[in-house]
Amino acid sequence: MLVWDSKLDTGIEVIDAQHKRIVTYVNHLEVAKTKGDKTLVGEVIEQLVDYTQSHFSFEESMMEEAGYKFLKPHQKVHELFIKRVTGFTMRAAKGEDVVDELHTMLTTWLINHIASEDHDYASTVQKMLANKAGGQDASDKGKSGFISGLLGRFFRSGGRH
Ligand code: FEO
């Protein structure tokens with residue numbers, strides 16, 4: 001089971017909450033795998049992919065707003081991850097048992113990505129959010145309005161983060 005390590009914190013509350021939720025999904029996958037419940041495995045993978053894609057879009061918008069200079073390469077890394085996971089789900093659809101391999105890939109990839117690439121944008125995004133929080137228009141276009149706008153845009157339920 002993955003246990004959240006504070007070294008993975010970006011210091012951006014909304015992002016850290018999403019990362020923790022992704023880690024929870026990976027742990028759910030391990031439980032489903034251990035139970036040998038193929039239906040549950042399929043459901044968890046679908047939820048994990050759906051949530052991670054929403055997270056990526058949310059995160060990319062944060063980076064874009066902050067003018068983060070490595071936005072494009074970061075987006076590319078996200079795209080490649082989705083392609084890799086899609087490759088696994090296609091193999092699974094053909095009847096191959098990929099769950100162990102997928103679980104290992106998710107565990108290593110996500111932790112490495114959060115600890116390196118995500119860590120890299122943290123200070124730039126923190127500055128952008130601090131500027132919004134300190135702006136005169138904080139009630140509307142300020143930090144909380146900006147974050148809840150993005151949550152509503154990328155997650156099925158605005159509060160789901
Ligand atoms: Fe938090 Fe770049 O994924």
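Which residues lie nearest the centre of the largest pocket? In this predicted model, they are Lys38, Val41, Glu96, Asp97 and Val99, which belong to a lining of 16 residues.

**View 1. The largest pocket and its lining.** The largest pocket holds about 350 Å³ of space, and its lining draws two or more residues from each of α1 (13-35), α2 (38-66) and α3 (71-93). The largest share comes from α2, with 4 residues. Sorted by class, the lining of the largest pocket comprises 7 nonpolar, 4 polar and 5 charged residues.

**View 2. The crossing of α2 and α6.** Helix α6 covers residues 143-154, and its axis and that of α2 come within 9 Å and cross at roughly 145°, in a crossing that is right-handed. On the α2 side the contact is made by Ser54, Ser57, Phe58, Ser61, Met62 and Glu65, which meet Phe146, Ile147, Leu150, Leu151, Arg153 and Phe154 in α6. The residues of this contact divide into 7 nonpolar, 3 polar and 2 charged.

**View 3. The salt bridge between lysine 132 and glutamate 65.** Among the 5 salt bridges found in a search of the whole structure is the one that lysine 132 forms with glutamate 65, in which the closest N and O atoms are 2.8 Å apart. Lysine 132 lies in helix α4 (residues 99-134) and glutamate 65 in helix α2, so the pair ties together parts that are 67 residues apart in sequence. Glu65 is also one of the α2 residues that meet α6.

Key
Residues numbered from 1 in each chain as written. Predicted model: local features only at pLDDT ≥ 70, side-chain atom pairs only at ≥ 80, totals over all residues. Heavy atoms only, no water. 1 Å grid on protein atoms, 1.4 Å probe; cavity = no way out; pocket = protein on both sides within 12 Å on 5 of 7 lines; lining within 4 Å. Points joined across faces, edges and corners; volume = space filled by probe spheres on them. Nonpolar A, V, L, I, M, F, W, Y, C, P; charged D, E, K, R; others polar. Axes fitted to C-alpha atoms, helices over the stretch in contact; angles between N-to-C directions. Left-handed = near helix turned anticlockwise from the far one by under 90°. Contact = heavy atoms within 4.5 Å. Salt bridge = Lys/Arg side-chain N within 4 Å of Asp/Glu carboxyl O.
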